Amino acid sequence: GGEQPTLSLATDHPRSAQQLHSAARHTVRLDAVLSDAIRRTAHAHEATSYMLLLAAFQTLLHRYSGQRDIRIGVPNANRPRLATPSLICF
């Protein structure tokens with residue numbers, strides 16, 4: 001597609017003029033009941049748990065930003081199969 005605007009989220013301080021390209025990782029443990037519900041919901045919609053959680057994250061970003069088009073980058077290492085490029089996230 002064409003040019004994509006920067007994701008506009010409300011913040012508690014102004015965005016720096018200099019892009020730092022820093023990132024963070026947060027580990028969250030889901031209890032067994034919630035994990036099972038996610039798996040069952042994903043299976044009912046012929047999707048993976050990853051696809052369901054990624055869609056939920058994108059929906060959350062849409063709700064906070066109001067933007068319709070939101071691009072989310074995901075790693076694709078160790079996916080050597082020929083069918084892989086047609087899957088979600090590519």
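Author: What follows is a short chat about a predicted model.

Reader: Pockets, then. What volume does the largest pocket have?

Author: The largest pocket has a volume of about 1,000 Å³.

Reader: How many residues line the largest pocket, and which lie nearest its centre?

Author: The lining has 29 residues, and Leu-7, Phe-57, Leu-61, Arg-71 and Ile-72 lie nearest the centre of the pocket.

Reader: Which helix supplies the largest share of that lining?

Author: H2 does, with five residues. Helix H1 (32-44) and H2 each supply at least two.

Reader: And by class? What is in the lining of the largest pocket?

Author: There are 17 nonpolar residues, nine polar and three charged.

Reader: What about the second largest pocket, which residues line that?

Author: Ala-23, Ala-24, Arg-25 and His-26 line the second largest pocket, which holds about 240 Å³ of space. Two of the lining residues are nonpolar, one is polar and one is charged.

Reader: Switching topic. Where is Ser-65?

Author: Ser-65 is in helix H2, which covers residues 49-65.

Reader: Buried or exposed?

Author: Ser-65 is buried, because its relative accessible area is 17% and buried means under 20%.

Reader: Which residues is Ser-65 in contact with, leaving aside neighbours within four places in sequence?

Author: Those are Leu-7, Ser-8, Leu-9 and Ile-70.

Reader: And what lies 3.1 Å from a polar atom of the Ser-65 side chain?

Author: The backbone nitrogen of Gln-67 lies at that distance from the side-chain atom of Ser-65.

Technical notes:
Residues are numbered from 1 along each chain as its sequence is written. This is a predicted model: local features need pLDDT of at least 70, side-chain atom pairs count only at pLDDT 80 or more; totals for chains, interfaces and linings use all residues. Side-chain values use heavy atoms; hydrogens and water are left out. Helices (H or I, at least four residues) and strands (E, at least two) are DSSP runs, numbered from the N terminus. Buried means under 20% relative accessible area, exposed over 50%, partly exposed in between (1.4 Å probe, protein chains only). A polar contact is a pair of N or O atoms within 3.5 Å; within protein, one must be able to donate a hydrogen and the other to accept it, and residues adjacent in sequence count only if both atoms are side-chain atoms. Contact means heavy atoms within 4.5 Å. On a 1 Å grid over the protein atoms alone, a cavity is a set of points where a 1.4 Å probe fits but cannot get out, and a pocket is an open set with protein on both sides within 12 Å along at least five of seven lines; lining residues have an atom within 4 Å of a point. Grid points are joined across faces, edges and corners, and a volume is the space filled by probe spheres set on the points. Ala, Val, Leu, Ile, Met, Phe, Trp, Tyr, Cys and Pro count as nonpolar, Asp, Glu, Lys and Arg as charged, and the others, Gly among them, as polar.
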